[in-house]
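Visitor: I am new to reading protein structures. Could we go through one together, step by step?

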Amino acid sequence: ALAWLAATSRTILETDTVSCGAAISACGKDAKWQQVFALLVAMGRVVIQPNAISYSAAISTCEKGVQWQIALALFAAINLAVLQPDTISYNAAISACEK
């Protein structure tokens, strides 16, 4: 997923929030929280604003990777990005703290 995303940024294809969110979700299935975190940072560098869905997927990935501290930092980042956390965001953050 990350290789595809990198390739799209070098081609005519437009990389957007949806394609980045798909990459985040794909990495999340394998609990690759480091790659997800790097992707969120990279999104900011190329002026792609992560949305609440992207953050929720990243938080869920941190839960699977037993990274509750990073999950809470991402949850806090939702507010810093002037986004409104939704039920999925709250549930993902709570689940990350349970493990």
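Guide: Gladly! Please keep in mind that this is a predicted model. Let's begin with Lys64, whose relative accessibility is 46%.

Visitor: Which class does Lys64 fall into at 46% relative accessibility?

Guide: The general idea is to compare the value with two cut-offs: buried is under 20%, exposed is over 50%, and partly exposed lies in between. Lys64 therefore counts as partly exposed, because its value is 46%.

Visitor: Where does Lys64 sit?

Guide: Lys64 belongs to helix α4, which covers residues 52-64.

Visitor: Is Ser54 buried or exposed?

Guide: Ser54 is also in helix α4. With a relative accessibility of 1%, it counts as buried, because that is under 20%.

Visitor: Beyond its neighbours within four places in sequence, which residues is Ser54 in contact with?

Guide: Those partners are Thr17, Gly21, Ile24, Leu40 and Met43.

Visitor: How many residues of α4 are buried?

Guide: Ten of the 13 are, and the helix is mostly covered. Among the buried ones are Tyr55, Ile59 and Cys62.

Visitor: What follows α4?

Guide: Val66 follows the helix, and its phi is positive, near 55 degrees.

Note on methods: Residues numbered from 1 in each chain as written. Predicted model: local features only at pLDDT ≥ 70, side-chain atom pairs only at ≥ 80, totals over all residues. Heavy atoms only, no water. Helix = DSSP H or I, 4+ residues; strand = E, 2+ residues; numbered from the N terminus. Buried < 20%, exposed > 50% of the residue type's maximum accessible area, 1.4 Å probe, protein only. Contact = heavy atoms within 4.5 Å.
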